[in-house]
Protein chains: 2
Amino acid sequence: MELIISTDSATYPVFLANGATSQLNSLVSDRYDSIFVFADETVWHHHADYFNQHAAFDYQVFVLPSGEESKSFIVYEQALTFLLENQASRKSVILAMGGGAVGDLTGFVAASYMRGISFIQLPTTILAHDSAVGGKTGINHPLGKNMVGAFHHPQAVVFDTNYLLTLPTSEVRSGFSELLKHALLSDANWVEELLLKDSLDDLLLLNWELELAKGISVKATIVQKDEFERHERKFLNLGHTYGHAIEGVVGFGRIKHGEAIALGLVVSLLLSNQRKLAKVWTKKLCNYGYPTEFLFATPFSQLLSYIKKDKKNQHGELHFVVLPEIGQPELTIVTEQEVEKAHTLLLALIKEETA
Amino acid sequence: MELIISTDSATYPVFLANGATSQLNSLVSDRYDSIFVFADETVWHHHADYFNQHAAFDYQVFVLPSGEESKSFIVYEQALTFLLENQASRKSVILAMGGGAVGDLTGFVAASYMRGISFIQLPTTILAHDSAVGGKTGINHPLGKNMVGAFHHPQAVVFDTNYLLTLPTSEVRSGFSELLKHALLSDANWVEELLLKDSLDDLLLLNWELELAKGISVKATIVQKDEFERHERKFLNLGHTYGHAIEGVVGFGRIKHGEAIALGLVVSLLLSNQRKLAKVWTKKLCNYGYPTEFLFATPFSQLLSYIKKDKKNQHGELHFVVLPEIGQPELTIVTEQEVEKAHTLLLALIKEETA
């Protein structure tokens, strides 16, 4: 399947198929003076042979630590050093092979190396269907997630679903949250379908190629309207204000991004007076085995200190995306008390399900 | 005087006058939720009082080490930490007060903090008439100058010529090189006028407001045509391939940028078969006291290793800007041997003048 992403500043294809890696051959052919692969170390360990069977070009590989750890200043600087030492030029291209973290780090390296070179996203996780599209790149700061970065679009996204076959269950959970977010932002029937599944094993039976295409389409439509997140694009942050705070408190990389977003979605639904839907989703996420226990040992004040640093905030006010109706997101100002109330209610809902 | 810079992606004013700092009051009024000043420590030491007399708004100041030292990964990260600790938001603005280094570092911080916030350039040196305009920002890597950065335009440039009165002579020399470069790229009569001056004291008598306006206009015209340095903008690199290599070998910040460019311009003229002009300019730069002696202790092989990493290079070939006629720059491929020959000739010309 091929989708086209089109914004004011860039237009590029998304290839989505089992075996899509072969598309790279025509994409890179004769266009670049050197090719670099930035690969997640776990992905590279499992899939280097598969990649080499499909890739008919020379390249140099830079192996990145798995997960959020790669989105640090240290790895950022190491990656730039690697490119300089290997004479990468403005005509070089970097292929980002891995989950969202590899894509985010690689994208920011590509955005800033010599003030911008080309890169291609090769997402290997469900979660990365979200981050690979739309041009957001970045790294984490100890004081906040994705606080440093750039808007920099890839030349193409090559999504080979072959890689999904070896995903650990925590990655399936993580990716499913972003998919559910895209459903919540767009289509009540789709939400209902997704919430029909009873167990994680049922989730695995989804037609992932189709689901990912739907998720990417929702994102593409929003990014097309508002590339630089001045208006509608903020809606894609549904569940992320609280979710990012969880990641900050637990420590980046110590919980999967989408596992934190799953809980953030509950808080968003509660802030939207969607208590019934919040309850249904809490029940499911407990069934699917999303981590929740740690939350009872997390003081709200710690979460709040991260929420206060959210990029959407202005003039010291907390801005949350809420969802009065499925498919009708809004940006609203909420008080600290309202967030705390939602947090307490989330804990109560979890307790109910796991009692 | 007010000039307007206009590119495909941004339009902004340049205010150029003694006392221009007052323009800031209307520029920042009610537009931002907080204001940060990133100031060169030497500039701040001398001019904080003057700044406070003109600036009628609250701000927080982050003092940067003087000169190229501030363009390091360490200072970059410290600056981002400072912004996060002080709750800078996407609605904040940073004022970059200092020479080109402060502008470059601050611009990259502004480009990448939360994927881009506003900044305003407050250049305090002659040299910064070049760097403050055009949207190039960046920091240095131990393996090469300006290797990491972004294109990010300021909201405005406020150039208060009051600050020029306390410039050290090395800064006058440094700035004059970029001014001469702008003259070489545009106008033979202007070059002749500039090369009439016999001593550094004569240089100080130039009408700097007018000269800077002319320099900024040349740059603005080129940047307007080619914002992202795909074609014409490369011409602004005249003298910089060799100049940057000097900075790399000597150590960033241990020689003023424009003092290195002065020598780079000679090499460019020699590569352009402009031997007469190269000789005239070498004579002047020796008269003006530009540092040259260190060059005799610098092995060409060291310079070459930096030249090979120049951002303009492609497919392993060295690309230089040459000037077959004043006002008619071209990009050309040169061999290592040709560069070495020009380097040797430069040494001979200096020896002649200083014998």
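This is a predicted model: local features need pLDDT of at least 70, side-chain atom pairs count only at pLDDT 80 or more; totals for chains, interfaces and linings use all residues.

Residues are numbered from 1 along each chain as its sequence is written, chains are lettered from A and ligands numbered from 1 in the order in which they are written, and side-chain values use heavy atoms, with hydrogens and water left out.

**Stop 1: the two domains of chain A**

Colour residues 2–165 of chain A as domain 1 and 169–354 as domain 2; these bounds come from an automatic or database domain assignment. Their centres, taken over C-alpha atoms, are 25 Å apart. Each domain puts 34 residues into the contact (contact means heavy atoms within 4.5 Å). Together they bury about 2,800 Å², with 67% of that from carbon and sulfur atoms. Buried area is the accessible area (1.4 Å probe) that two parts lose on being put together, summed over both.

How many salt bridges cross between domain 1 and domain 2 of chain A? The rule finds 4, a salt bridge being a side-chain nitrogen of Lys or Arg within 4 Å of a carboxyl oxygen of Asp or Glu. Now select strand 8 (144–151) of chain A, one of the elements supplying at least two residues to the domain 1 side. Strand 8 gives the most there, with 5 residues. Helices (H or I, at least four residues) and strands (E, at least two) are DSSP runs, numbered from the N terminus.

**Stop 2: a glutamate with two partners**

Show the side chain of A:E229. It meets A:K136 in a salt bridge at 2.3 Å, N to O. A:E229 also forms a salt bridge with B:R90, with the closest N and O atoms 3.3 Å apart.

**Stop 3: chain B against chain A**

**Stop 4: one threonine**

Finally, pick A:T292, in the loop between helix 12 (275–287) and helix 13 (300–307) of chain A. Is A:T292 buried or exposed? Its relative accessible area is 10%, so it is buried (buried means under 20%, exposed over 50%, partly exposed in between; 1.4 Å probe, protein chains only). Leaving out residues up to four places away in sequence, A:T292 touches A:L263, A:L285 and A:I350.
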